[in-house]
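Here is a set of questions and answers about one protein model. Each answer sets a value against a definition.

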Amino acid sequence: MLVDTHAHLQWATFDKDREKAIRRAKKAGVKYIINIGFDIDGSKRAIELAEKHKELYATVGIHPHNASQFNPKVLDKLRELSENPKVVAIGEIGLDYYRNLSPKQAQKKAFEAQLFLTKELELPVVIHDREAHADTLKMLSKFKEKINVVMHCFSGSREMAEDCVQSNFHISFAGPVTFPNSYKLQDIAKWVDLNKMVLETDSPWLAPQEMRGKRNEPAFLPFIARKIAALKGISVDELAKATTGNAQEIFQLF
Ligand code: NI
């Protein structure tokens, strides 16, 4: 049994077969799926899905790409949405200096305001960090003893992974760990302690190697689990048990 801690089944690419994708995930041994918000509408749709399906949960947040839309009214809306019992975290929030779809200053402002909200609500947080490692860690450092942090689709260095683990953050692994040239990430997956890792697909993006080029979906999570178990030289069962336990504890999925 696995938990997909990061998917976006609310995305339009699932409009034609969303229910089937949820059933396929169940069949593949994915017990819970957390659909991650990226703007207000995406957060609302994640909640609607979670209300329809017992095994689905939601997060609410404004992605760094959408940070220019952020303002105090949006923050109030997030606070209001977070009252829904199926909302298990704030996210995904953070910094993206790779695409820079919102100006850096706007990204930092939205990130910080949402970190304060996370602390206020005593929820965990799902972090998006792309090519913004130093600033992301710097901003998180003010909150590290106060918030449960999950580094979504980790893409930093080994040194950064060590920093994260030392700060008690969890590291989430997605499809890229299965890519043949991902030596750096595979080395990190090998090294990270079982009690500090969780798994995700980031569907519909980043399909694992075996499905590369296809739309990703939560049913593909076992490919990621098998790869990491092989890297660590443990059974898939052992990996599943540990990562599922971590996800249940962080996000309170019971
Ligand atoms: Ni995502």
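Q: Why does Cys-164 count as buried?
A: Cys-164 has 0% relative accessibility. Buried means under 20% relative accessible area, exposed means over 50%, and partly exposed lies in between (1.4 Å probe, protein chains only). So Cys-164 counts as buried.

Q: What kind of model is this, and which values count?
A: This is a predicted model: local features need pLDDT of at least 70, side-chain atom pairs count only at pLDDT 80 or more, and totals for chains, interfaces and linings use all residues. Residues are numbered from 1 along each chain as its sequence is written, and side-chain values use heavy atoms, with hydrogens and water left out.

Q: How do you know that Cys-153 is in no disulfide?
A: A disulfide is a pair of cysteine sulfur atoms within 2.5 Å. For Cys-153 the nearest cysteine sulfur, that of Cys-164, is 13 Å away. By this rule the count of disulfides is zero. Cys-153 is itself buried, with a relative accessible area of 16%.

Q: Which protein atoms are donors of the nickel ion?
A: Donors are N, O and S atoms within 2.8 Å of the metal (3.2 Å for Na, K and Ca); water is not among the atoms, so sites may look incomplete. The protein donors here are His-6 (NE2), His-8 (NE2), Glu-92 (OE) and Asp-202 (OD). They lie 2.2 to 2.6 Å from the nickel ion. Their spacing in sequence is H-x1-H-x83-E-x109-D.

Q: What makes the arrangement around the nickel ion irregular?
A: Four donors count as tetrahedral if all angles lie between 85 and 135 degrees. Four count as square planar, and six as octahedral, if opposite donors are over 155 degrees apart and all others between 65 and 115. Anything else is irregular. The four donor atoms here subtend angles of 87 to 178 degrees, and that makes the arrangement irregular.

Q: What is noted about the backbone at Asp-202?
A: Asp-202 has a positive phi of about 60 degrees although it is not a glycine. Most residues other than glycine have a negative phi, and most peptide bonds are trans. Asp-202 lies in the loop between S8 and H8. Helices (H or I, at least four residues) and strands (E, at least two) are DSSP runs, numbered from the N terminus.

Q: Which peptide bonds are cis, at Glu-92 and at Pro-204?
A: A cis bond joins Gly-91 and Glu-92, with omega about -5 degrees. Glu-92 sits in strand S4 (residues 87-96). The bond from Ser-203 to Pro-204 is also cis, with omega near 5 degrees. Pro-204 is in the loop between S8 and H8.

Q: Why is Asn-100 called partly exposed?
A: Its relative accessibility is 34%, so Asn-100 counts as partly exposed. Asn-100 also has a positive phi of about 45 degrees, although it is not a glycine. Its place is in the loop between S4 and helix H4 (104-121).

Q: What puts the buried residues of H7 on the same side?
A: In helix H7 (residues 183-191), Leu-185, Gln-186, Ile-188 and Ala-189 are buried. They cover an arc of only 160 degrees around the axis, which puts them on the same side of H7. The arc is that of the directions from the helix axis to the C-beta atoms. On the other side of H7, Tyr-183, Lys-184 and Lys-190 are exposed.

Q: What makes a set of residues a nonpolar core?
A: A nonpolar core is a set of buried Ala, Val, Leu, Ile, Met, Phe, Trp, Tyr and Cys residues joined through side-chain atoms within 4.5 Å. The largest one has 67 residues. Those with the most contacts inside it are Met-151, Phe-154, Phe-173 and Ile-228. H8 gives the largest share of this core, six residues.

Q: Which residues does His-53 touch?
A: Contact means heavy atoms within 4.5 Å. Not counting residues up to four places away in sequence, His-53 touches Glu-19, Ile-22 and Lys-86. At 12% relative accessibility, His-53 counts as buried.
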